[in-house]
Amino acid sequence: MTKLENPLGIQTEYVDTYKPELLYPITRINKRREINISGELPFSGVDIWNAYEVSWLDPQGKPDVAIDEIRFPCGSECVIESKSLKLYLYSL
């Protein structure tokens, strides 16, 4: 599996087959160092992303739709770059 390069600013093609390598992680440590945070975090929480139109075909071939909520705990090493997440969801 090859890792995708940062998709920001690059024209991309949509793929319609499952491709988890589309996800591009962004490490949190660099920005935390910029603001002098190391070790235990002085805060708690989650990053919440909403996907308002997640759709798929059920086993009988009927379309279904839902809203998805994706949570990244603030203590996670990385967050996923948003364009790569959109491309990944489309690949499903």
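This report describes the fold, the side-chain pairs and selected residues of the structure above.

The structure is a predicted model, in which local features require a pLDDT of at least 70, side-chain atom pairs count only at pLDDT 80 or more, and totals for chains, interfaces and linings use all residues. Residues are numbered from 1 along each chain as its sequence is written, and side-chain values use heavy atoms, with hydrogens and water left out.

## Overall architecture

The secondary structure of the protein consists of two helices and four strands. Helices (H or I, at least four residues) and strands (E, at least two) are DSSP runs, numbered from the N terminus. Read from the N terminus, the elements follow the order β-α-β-β-β-α. The radius of gyration of the protein is 16 Å, well over the 12 Å that the globule rule gives for 92 residues, so the protein is more spread out than a compact globule. Here the radius is taken over C-alpha atoms, and the globule rule is 2.2 Å times the number of residues to the power 0.38. The C-alpha trace spans about 50 × 25 × 20 Å along its principal axes.

The accessible surface of the protein amounts to about 7300 Å², and carbon and sulfur atoms account for 53% of it. Such areas come from the Shrake-Rupley method with a 1.4 Å probe, and for residues only the protein chains shown count as cover. Of the 92 residues in the protein, 21% are buried. In this report, buried means under 20% relative accessible area, exposed means over 50%, and partly exposed lies in between (1.4 Å probe, protein chains only). Among contacts between residues at least 6 apart in sequence, 60% join residues at least 24 apart, a contact being defined by heavy atoms within 4.5 Å.

Helix α2 comprises residues 82-91. Its buried residues are Ser84, Leu85, Leu87, Tyr88 and Ser91. These residues cover an arc of only 165° around the axis, which puts them on the same side of α2; the arc is that of the directions from the helix axis to the C-beta atoms. The buried residues of α2 pack against β2, β3 (63-73) and β4 (78-80).

Glu81 is located in the loop between β4 and α2. With a relative accessibility of 4%, Glu81 counts as buried. The C-alpha atoms of Glu81 and Asn6 are 8.1 Å apart in space, although the two residues are 75 apart in sequence.

## Salt bridges

A search of the whole structure finds three salt bridges. The criterion is a side-chain nitrogen of Lys or Arg within 4 Å of a carboxyl oxygen of Asp or Glu. The pairs are listed below.

| Arg28 | Asp47 | 2.8 Å |

The salt bridge between Arg28 and Asp47 links distant parts of the chain: Arg28 lies in the loop between β1 (25-27) and α1 (29-34), and Asp47 lies in strand β2 (residues 46-57), 19 residues apart. Arg28 is buried at 13% relative accessible area, whereas Asp47 is partly exposed at 29%.

Lys31 and Glu34 both belong to helix α1 and are three residues apart, about one turn of the helix. Both Lys31 and Glu34 are exposed. Glu21 is found in the segment before β1 and is partly exposed at 22% relative accessibility.

## Aromatic pairs

The structure contains three aromatic pairs. Rings of Phe, Tyr and Trp (its six-membered ring) pair if their centres lie within 6.5 Å; planes under 30 degrees apart count as stacked, over 60 as edge-to-face and the rest as tilted. One of the pairs joins Tyr14 and Tyr90: the ring centres are 4.7 Å apart and the planes stand at 65°, so the pair is edge-to-face. This pair links distant parts of the chain, with Tyr14 in the segment before β1 and Tyr90 in helix α2, 76 residues apart. Tyr14 is exposed at 57% relative accessibility, while Tyr90 is partly exposed at 49%.

Asn36 has a positive phi of about 60° although it is not a glycine. The residue Asn36 is situated in the loop between α1 and β2 and is exposed, with a relative accessible area of 72%.
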